[in-house]
Amino acid sequence: MNHVNGKREDEEMDTSTKEDDDGQDGGGDITMPINGELTDMGGANQNDEEMEEDESRAEATFSFIIENISKLKDSTLSPACMVRNLPWKIMAMQRINQNADKYNQKSLGFFLQCNAESESTSWSCNAAAELKVLNWKPDGEAFVRKIQHLFYSKENDWGYSHFLPWNELLDPDKGYVEDDKVHLEVFVKADAPHGVSWDSKKHTGYVGLKNQGATCYMNSLLQTLFFTNKLRKAVYLMPTESDDPAKSVPLALQRVFFELQFSDKPVGTKKLTKSFGWETLDTFMQHDVQELCRVLLENVESKMKGTCVEGTIPKLFEGKMLSYIKCKHVDYGSKKEEAFYDIQLNVKGKKNVTESFKDYIKVESLDGDNKYDAGSYSLQEAEKGVIFLSFPPVLHLHLLRFMYDPAADANVKVNDRFEFPERLNLDQFLNKKEKTPAVYILHAVLVHSGDNHGGHYVVYINPKGDGKWCKFDDDVVSRCSRQEAIDHNFGGHDEDISVKHCTNAYMLVYIRESCMADVLQPVAEADIAQTLKERLAEERRMEAQKRRERSEAHLYMNVQILTEDHFYGHQGTDLIDLEKVNFRNFKVKKTMILLDFLDVLAENLRYPREQIRPWPFQVRQNQTFRPTLIDLDTDLNKTIHDLADEGTWTVFIETVDPESNFTRLPEFNKDSDVLLFLKMYDPKTKSISYCGHIYFPIAGRASEMLPELCRRAGFPVDTPLLLYEEVKPSLLELLENQDLPLEKLLDELMDGDIIIFQRHDADDLLDQYELPTAKEYFRDLYYRVEVVFCDKNVPNDTGFTLELSLRMNYDQMAHQVARYLNTDPYLLQFFKPQGYRDGPGNPIRCTYEGTLKELLLFPKPRQLKKLYFQQLNIRINELENKRQFKCVFVNSKLKEEKELVLYPNKNGRVSDLLEEAKKQVTLSDAGSGKLRLLEVIGCKIYSIQREDMSLELLNNTGTTKSLRIEEIPPDEVNLADDETLIHVAHFQKEIYVTFGVPFLLKIKNNEPFSSVKERIQKKLDVPDKEFDKYKFAVIITGRVEYISDDDHDLKVNISQFLPHSLTGGNLQTRPWLGLDHVNKTPKRASRYNYLEKAIKIHN
C-alpha cells in the first residue's frame, strides 16, 4: 500500500498501494442460439430487485461500522461487497500528517479497495464512488468525498490519506462518533472489468471484440455496423465462395459478423485486418473511426457491385443535399446535387445537434473582396449555402471534436458540452418534406476518451431500438443506463468526478423511426447461406485441429524422408543441398517403433515392406552429412525417439529398382559390405551426374568396381577411369592404386562414402577444359557463392542473384555484374552492406585489391550475401577523384525547382561546384548568368559562400544544413558602398519557428523602408490584403525589434544589418529581417502521433 500525502490534506486523493485470436472450437452445423435472442440470459433479463443481489451488478451501497475508533491505529477492512463480480472493501486507518506547521495532526484515512487478494496482474476496473462518514444525529449531514479511478493490481485501493481531521471525527458535537463508533458508507458504480472472468454473453446476450493493440476504434465501428441488421444480412449474402480467405474483405467481415452472432466468447479481428492488407504495426496505430467508417463502407459497396445485394450501402446510408450559389441582384447562380453518407457537425460554440444543423445550412454572403464570379455579369454579391433534399434510413453524424489550431499548428480536441437527443426531428432542415417524417431514434453513440494524442473508444448501442442500452468496450459488454449512454457523453463534465475527463461522443448513429423495423429486421440463421456456414464451420474445425496439434506437438517429431530421386541433379558436395531439397515429411509419434514406421512408409511409398530399407543420415565429425547403417536385427522394436537425435530425423529410404525383376532388396552384410554412393564428373560440361549406390565388399579391390561404374556412366566397360573419394567439401582425394582392397584404399571406410569418377583421358585432352578434373571442380565449387546485388537508389529493391567465386577480384566481379546489366563495368559503383541493418554502407573503390570473400565478411548464418550498386553517368575512376554534393536549385520566384547531385573535383573550389550546376539548370533570359551558393539551416540563410573557398572546407554531411544554389539577380551582382544584401526569413510569433524559403534582399542606406516592403511583396507575389497582416522585425542575436507600421518616414539604417560581434569572443553574428505572419501551408497535424498514417484498405 502506498498512501502518499498531498500538498493539501483536504484535497488529496491517492492510492494506498492464450488462446488463438480468431479460433472458436466446434464444427459442423450451428446449434447454438443467436446472440441477443437467448431464452435464458441470466443477468440480462433480471429485474432491478434481482439485480441488487446480483454479484455482477454495476453499483452498490455498503457500509462499515468501526468500533473503538479512538483506539484505531492499524488498517481495518470491511467485509467484501460484490460489484461486477469483484470484491470491494472499505479500508480505514489513522493517519498522521508530518507537516511541521500542523504539529503532527491526526486524520482519518479512508479508502475503497478492489480485488486486493487476487494474484492476477492483468485485471482492471474503472469505477466512481462516494465515500461517506455518516452522521449519527437524525438531522446531521454526512461528510462526503468523491473519487474516480482505474483500479488494477498495482493500484487496487484509492481514496484519501487525510479524509477528515481526527479531532473533528471524534468531536461529539459534529455527530460523526457515538459510543466510540464511526459509521462509514460507500456508494460505488463500476464499469465491467477487463482481464477477469466476465461473461458478456451471460450478462447481456452479446459478445465483444478483442483489441489487437490499438484497434478499439475499429471494434466500436464494427459493433455499430453489426447491429445495423439490414447491412449484416446483406454482408452475409455477398458471394465469397471463390475468394482468397487471406485477402477477401467481404469474407473476413462475414466471419466477424458470424462469430459476433453465434460465439460465446470475444471475437478476434486479426483475419479482418489481415484482409485489409495491414501489417502488425497498423494494429498498434490508432486511427480516426470516422475515416475508417468511410473507407470500409466504400470498400464493401464496391465489392457488392454486380451481386444480389448491390446498392445496399447507398439505400441505407445515402442522403442528398443541394449546394447552391444565388446572386442577389441578377438572375444568375449555380446548383449541384450531391450525395452524402455522413454529416460533419461543428461542436465548438454549439449547444446541441439542432444548433449545429442550423449552422450547417446557414447562408453565407459573398461580398466585398469575396464576390462571386457570375460570368458575363462579372463579380456579383451572392448567397451560398446547402439545402437537404433527403435524409437516409441510417444517419451517421460525425461530431467535429478535433479542430486545427493555427497557433499550436496542431489539432486539439474540443471537450465542450454538446447535447444530442434520443429522438431527433430533422423535418425543419429539409427543402421539402418527405413521404415519412424525418424523425430519428438514437441507435449508437461512439465515444472517445482522451485528447488529440490518443485515447480510447467505446460504443453504446441500443441494439433493438427499444431504449435498452449496452456498452461495448472491446472484449467486454455490459448493460448500462440511458443516462450513462447519452447524458454522460455530452462532454463538458470537467467538474463531475463520476465522468472521466475528456470523455464525449464523437460519432452518432440515428435510425429513421419509419425505417426501424426494416433496418433492425431480425437476422436468423436461415438468412445465412449454407455454403458460408459450412465454410466457416470447416475453418473452425481446422483451427481446433491446429490448436490440438500445437498442444500435442511435444508428443510428435518430424521425420524427413529422402529417396534416390532426391539425389539426381545435385551439383554440390554430399548428396543433397539441405536448403533446397524438398523432403517428404512425416509427423510421427515419438513412441512409434521403427517396425510400425516402416509399415507406414511402405504404404505411402507403395512398396512392399521387404523392398525398402532405411539409412538414417548423420553429421560426421568432418561436418559432412551422409547415410549410415541401422541394425534392423536389433533396432526394429526401438522407438523413433530413441533412434533419432533430438529434433528432426532425416532418413534415406533405399528401394528396389522398379525396372529390375527383384522382389526384395539384396542382403547387406554389415560386417563385410559397405554402402557407397557414386557420382560421375564430366569436364566438358563442368557438371556432376548421380549414378546410384552400390553394395561393395570392403575386401574387394577398387578395380573390380570399374566395369560397373562404366556401365552406369554409359562408357565401354574397359574405359580407364580416375577415382576420387569425396572426403569433405574442401577435400577430394585421388585413389591412385586401384588394385588395393577398398578398406586399405580409403581412410576410415564407412557406409555412406562417396566415390567420384571420370574418364582418364590424356593430359593434352584434359588441358582444353577450364576445370579438367573433379578435384578442380570441387575446389572451384568450394569458393562458389551466390551474391544478391541490389540497386541502392531503388527502395526495398529485391535485386538479382549471381553465382560468383570468392576468389574473384574487383574487376572480375564488376564485369560479371555489368554483363548481367548490359552496361559498362566502369559505369558501376559498388557498396558494402551495413553490418548492423539492411542497407548500403561505404562505397568500394575501383582500385580495391582484395577478393570477393573479404567483401562478404561476417554474414549471419544462412543470411543472404548482399552487395549494393548504382549505375553512373561518369566512369568510376573519374568519380573517385570527385566529391558528391547534393544541392537544391531555387529559381527567381523562390520555388525549389529540383535537387542537384553534383560531382566537382575533390580539390576544387566553390566556383567549380557552380560550374557543374550550370550544366544542369536553366537560367532566366533576363538574369545575370551567375550563380551563388548559400548554406541554409532551419529555413534561415546561414552564409553566402565565397567562390574561391576550397570545397574541402564545405561540409554537407550534417542533417540540418542544406546547400542552395540560385541565380544572382542582375541588380545584386555589383553593390555600391551604401548597399548590402540582408538575410530575410519567415516566422510565426516565435523566431525559432521559421518556415518557407528564406531569401536575400538588396537594401540601400537611407532608402524609405516602405520601398523595401514593396520589393518584398513583389518578390513573394503576395496580395495586398494578406501582405497588410505581415509584421517586420530585425532579429539580432535572438533579440527581436519589431518595426512600427505607424512610422511612414522610417529610413533604412544599413548598420543595423552589418555583422555584430558577440560579447566575450571573436565570433560574429549577422542580423536578419524577419517576416512575422501565419504559415499558410502547415504540415498535416497528427491526431495521435507522428507515426500515424492515412487509413487504407489495400484489398
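**A helix and its charged pairs**

Reply: In this predicted model, R712 and E708 both belong to helix 18 (residues 706-713), where they sit four residues apart, about one turn of the helix.

Me: What do the side chains of R712 and E708 form?

Reply: They meet in a salt bridge, at 2.8 Å from N to O. R712 is partly exposed, with a relative accessible area of 30%, and E708 is also partly exposed, at 22%.

Me: How many salt bridges does the structure hold?

Reply: The structure holds 48 salt bridges. One of them joins the side chains of D264 and K201, at 2.7 Å from N to O. D264 lies in the loop between helix 6 (249-262) and helix 7 (270-275), and K201 lies in helix 3 (residues 200-204), so this pair ties together parts that are 63 residues apart in sequence.

Me: And K201, buried or exposed?

Reply: K201 is buried, because its relative accessible area is 6% and the cut-off for buried is under 20%. D264 is partly exposed, at 49%.

Me: New topic: which residues form the negative surface patch?

Reply: D1045, D1046, D1047 and D1049 form the patch. D1049 lies in the loop between strand 50 (1039-1043) and strand 51 (1060-1061), and D1049 is exposed, with a relative accessible area of 65%.

Me: Last one: where does S124 lie, and what does it touch?

Reply: S124 lies in strand 6 (residues 124-133) and counts as buried at 17% relative accessibility. Leaving aside residues up to four places away in sequence, S124 touches L150, F151, Y152, P193 and H194.

Conventions
Residues are numbered from 1 along each chain as its sequence is written. This is a predicted model: local features need pLDDT of at least 70, side-chain atom pairs count only at pLDDT 80 or more; totals for chains, interfaces and linings use all residues. Side-chain values use heavy atoms; hydrogens and water are left out. Helices (H or I, at least four residues) and strands (E, at least two) are DSSP runs, numbered from the N terminus. Buried means under 20% relative accessible area, exposed over 50%, partly exposed in between (1.4 Å probe, protein chains only). Contact means heavy atoms within 4.5 Å. Patches are made of residues with over 30% relative accessible area and no salt bridge: like charges are joined within 9 Å, nonpolar side chains (Val, Leu, Ile, Met, Phe, Trp, Tyr) within 5 Å. Accessible areas come from the Shrake-Rupley method with a 1.4 Å probe; for residues, only the protein chains shown count as cover. A salt bridge is a side-chain nitrogen of Lys or Arg within 4 Å of a carboxyl oxygen of Asp or Glu. Lys and Arg count as positive and Asp and Glu as negative; His and the chain ends are not counted. The place of a charge is taken as NZ of Lys, CZ of Arg, CG of Asp or CD of Glu.
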